[in-house]
Amino acid sequence: MVSAVALGLLATSCTNQAVKAEDRLVDGTALPSEEMLSREKIEINQGFGGEGFGEHFLSYELASNNSLVVTHTFRPEDKVIGREVFVLPPDMAMKARKQLWRVRPDKLEGMDTDVRPSGCLRRWDHDSPEIAVGFAASDEIYGVVDLPRPISCDTPAAKAARRMLRDVLKLFPRSKVAETFIKSARSNDS
């Protein structure tokens with residue numbers, strides 16, 4: 001007869017650790033298995049203009065089927081300015097996921113939780129993020145990590161998260177929608 005402890009150890013040894021604790025860029029260490037995480041949808045979001053996160057909104061949505069949807073939206077009118085759909089090779093999609101899991105919250109507790117890279121605290125009321133990364137196990141179970149602007153937080157974990165996100169975005173296919181959004185953001189800053 002196998003004891004409950006032995007079964008627990010066997011189950012633990014069979015789970016594929018998605019991210020090593022020392023590679024995590026947010027506080028916490030316990031993530032679901034790689035198999036569970038691979039079923040989640042991941043979004044990388046940027047915004048500019050207007051109040052808060054921005055009237056213009058760029059979203060990269062990586063689904064569990066390896067599709068990548070890039071969308072530029074004008075949020076006040078909920079108007080889609082541009083949209084592209086790509087299907088990523090499985091190895092590219094998994095490489096992106098594994099990097100993004102480094103900033104995934106341990107628990108998906110909705111928008112009300114304030115998850116940021118390790119050592120980053122909200123400094124003022126309108127401390128809007130440079131980029132937000134969302135993870136959704138379903139429509140009801142999701143969580144978001146905000147990457148603050150360098151002026152708000154520039155800890156080693158925040159710097160590493162920025163580099164990681166730049167590298168992930170470079171993995172993705174060239175997107176005309178993203179290029180148009182970036183050009184618009186730059187002209188808005190001038």
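Guide: In this predicted model, buried means under 20% relative accessible area, exposed means over 50%, and partly exposed is in between. By that cut-off arginine 122, at 38% relative accessibility, counts as partly exposed.

Visitor: Which residue does arginine 122 form a salt bridge with?

Guide: Its partner is aspartate 146, and the closest N and O atoms of the two are 3.8 Å apart. Arginine 122 sits in the loop between strand S5 (110-115) and S6, while aspartate 146 is in strand S7, so the pair ties together parts that are 24 residues apart in sequence.

Visitor: And is aspartate 146 buried or exposed?

Guide: Aspartate 146 counts as buried, with a relative accessibility of 15%.

Visitor: How many salt bridges does the count come to?

Guide: The count comes to nine. One of them joins the side chains of arginine 162 and glutamate 130 at 3.1 Å, N to O. Arginine 162 belongs to helix H4 and glutamate 130 to strand S6, so this pair ties together parts that are 32 residues apart in sequence.

Visitor: How accessible is arginine 162?

Guide: Arginine 162 counts as buried, at 7% relative accessibility, whereas glutamate 130, at 27%, counts as partly exposed. Both residues are also linked with Asp154 in a network of salt bridges.

Visitor: What about lysine 41? Which residue does its side chain meet in a salt bridge?

Guide: The side chain of lysine 41 meets that of glutamate 43, with an N to O distance of 3.8 Å. Lysine 41 counts as partly exposed, its relative accessibility being 28%.

Visitor: Let us step back. How many helices and strands does the protein have?

Guide: The secondary structure comes to five helices and seven strands. Along the sequence they follow the pattern α-α-β-β-β-β-α-β-β-β-α-α. The protein has 190 residues, of which 45% count as buried. Among contacts with a separation of 6 or more, 59% are between residues 24 or more positions apart.

Visitor: Take helix H3. Which of its residues are buried?

Guide: In H3, which spans residues 90-100, the buried residues are Ala93, Ala96, Arg97 and Leu100. They cover an arc of only 100° around the axis, which puts them on the same side of the helix. Asp91 and Lys95, on the other side of H3, are exposed.

Visitor: What do the buried residues of H3 pack against?

Guide: They pack against strands S1 (41-48), S2 (56-62) and S6 (129-136), and against helix H4 (156-171).

Visitor: Which backbone oxygen does the side chain of arginine 97 reach?

Guide: The side chain of arginine 97 reaches the backbone oxygen of alanine 63 at 2.8 Å. Not counting residues up to four places away in sequence, arginine 97 touches Ser38, Ile42, Leu62, Ala63, Ser64 and Asn66.

Visitor: Now the nonpolar core. How many residues are in the largest one?

Guide: The largest nonpolar core has 41 residues, and Leu100, Val103 and Phe135 have the most contacts inside it. The elements giving two or more residues to this core are S1, S2, strand S3 (67-74), H3, S6, strand S7 (142-148), H4 and helix H5 (176-189). H4 gives the most, with six residues.

Visitor: Which residues is leucine 100 in contact with, leaving aside neighbours within four places in sequence?

Guide: Leucine 100 is in contact with Ile42, Ile44, Val133, Phe135, Met164, Leu165 and Val168. In soluble globular proteins, nonpolar side chains tend to be buried together.

Visitor: One last topic: histidine 72. In which strand does it lie?

Guide: Histidine 72 lies in strand S3. Histidine 72 is buried, with a relative accessible area of 3%.

Visitor: What joins the side chains of histidine 72 and histidine 56?

Guide: They are joined by a polar contact of 3.0 Å. Apart from neighbours within four places in sequence, the contacts of histidine 72 include Phe57, Leu58, Lys79, Val177 and Phe181.

Key: Residues numbered from 1 in each chain as written. Predicted model: local features only at pLDDT ≥ 70, side-chain atom pairs only at ≥ 80, totals over all residues. Heavy atoms only, no water. Buried < 20%, exposed > 50% of the residue type's maximum accessible area, 1.4 Å probe, protein only. Helix = DSSP H or I, 4+ residues; strand = E, 2+ residues; numbered from the N terminus. Arc of directions from axis to C-beta. Contact = heavy atoms within 4.5 Å. Polar contact = N/O pair within 3.5 Å; in protein donor to acceptor, adjacent residues only side chain to side chain. Core = buried A, V, L, I, M, F, W, Y, C linked by side-chain atoms within 4.5 Å. Salt bridge = Lys/Arg side-chain N within 4 Å of Asp/Glu carboxyl O.
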